[in-house]
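Q: Please take a close look at the surroundings of the ligand in this model, and then at the backbone geometry elsewhere in the chain.

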Amino acid sequence: MRFDILTLFPRMFSSPLEESILGKAAEKGLIQVQTINIRDFSLDKHQVVDDTPYGGGQGMVMKVEPIARAIESVKSKNPSAWTVYLTPQGNPFNQDLARRLSTQPHLILLCGRYEGVDERARKLFIDEEISIGDYVLTGGELAAMVLIDAVSRFIPGVLGSDRSAEEDSFFDSLLEYPQYTRPSDFRGSCVPEVLLSGNHSAISLWRRKEALRRTSLRRPDLLAKANLSEEDRGLLKEIRKNDSKSDCQ
Ligand SMILES: C[S@@+](CC[C@H](N)C(=O)[O-])C[C@H]1O[C@@H](n2cnc3c(N)ncnc32)[C@H](O)[C@@H]1O
């Protein structure tokens, strides 16, 4: 999968995308990430990319021409590349959206700065607007990195052959069960017996129950959307009954 990032700060991407899982994915050719400096597409002799807003007001707005020319330069090689603008006004980013975007062979990610981009850049060139949360960042670069990271995890091979993003939190609309590793006893805090038992069906049942418990406690909104089996509903009843017992019973 290919990502072309249009930004005024290309250097921000070097370290995060070269390390660990994403770095290895790039080495293996599973993902290709290229940064494109929007400033290189300014026709102005001083390479100006922003201007004051029409109608007055605070801050600067990114000009439409350099953005248009940068997007067109990528699209001239692949007209079907899907173009995303990172903005707090966009669709909320989540695991389903990451999975959907991972089916696109080529994404162009436009990172805004200042007060954002001229509205015509959005209207004429953007296929989809995405927000990574209800807060305002100083620029779209960190949002683009979040998107690339979450999307790349769905590309086969990126997490390694024995690992799938389908096992993580949000798969099935549930949060993941608790994880433990050695030692089995840390200062008197012990790993649940069942995980040491080697009984795989008991471990699976325990994990499912703990995923249900955790989601019910922390994210009841997710549980309401989850596709639960009869067995899950039974487990939930059990969890709620046991958790509601007071210590005095
Ligand atoms: C300071 S923000 C501009 C905010 C804009 N004035 C508004 O109120 O919508 C500058 C840039 O940061 C990026 N950005 C800020 N918050 C974001 C978020 N929650 N998700 C995605 N991108 C964001 C966008 O690319 C935006 O153009």
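A: Of the 19 residues around the ligand, Gly112, Gly116, Leu137, Gly140 and Ala143 come nearest; a residue is near a molecule if its C-beta atom, placed from the backbone, lies within 6 Å of it. The model is predicted: local features need pLDDT of at least 70 and side-chain atom pairs count only at pLDDT 80 or more, while totals for chains, interfaces and linings use all residues. Residues are numbered from 1 along each chain as its sequence is written.

Strand β5 (residues 82-92) gives the most to the shell, with four residues. Helices (H or I, at least four residues) and strands (E, at least two) are DSSP runs numbered from the N terminus. By class, the shell has eight nonpolar, nine polar and two charged residues. Ala, Val, Leu, Ile, Met, Phe, Trp, Tyr, Cys and Pro count as nonpolar, Asp, Glu, Lys and Arg as charged, and the others, Gly among them, as polar.

Now the backbone. Most residues other than glycine have a negative phi, and most peptide bonds are trans. The bond joining Arg182 and Pro183 is cis, with omega about 5 degrees. Pro183 sits in the loop between α6 (141-152) and β8 (185-186), and Phe170 is also placed in the loop between α6 and β8. Phi of Phe170 is positive, near 85 degrees. With 18 other C-beta atoms within 10 Å, Phe170 is partly exposed; a residue is buried at 20 or more such atoms, exposed at 12 or fewer, and partly exposed in between, with C-beta atoms placed from the backbone. Arg187, in the loop between β8 and β9 (189-190), has a positive phi near 50 degrees. Arg187 is exposed, with 6 other C-beta atoms within 10 Å.
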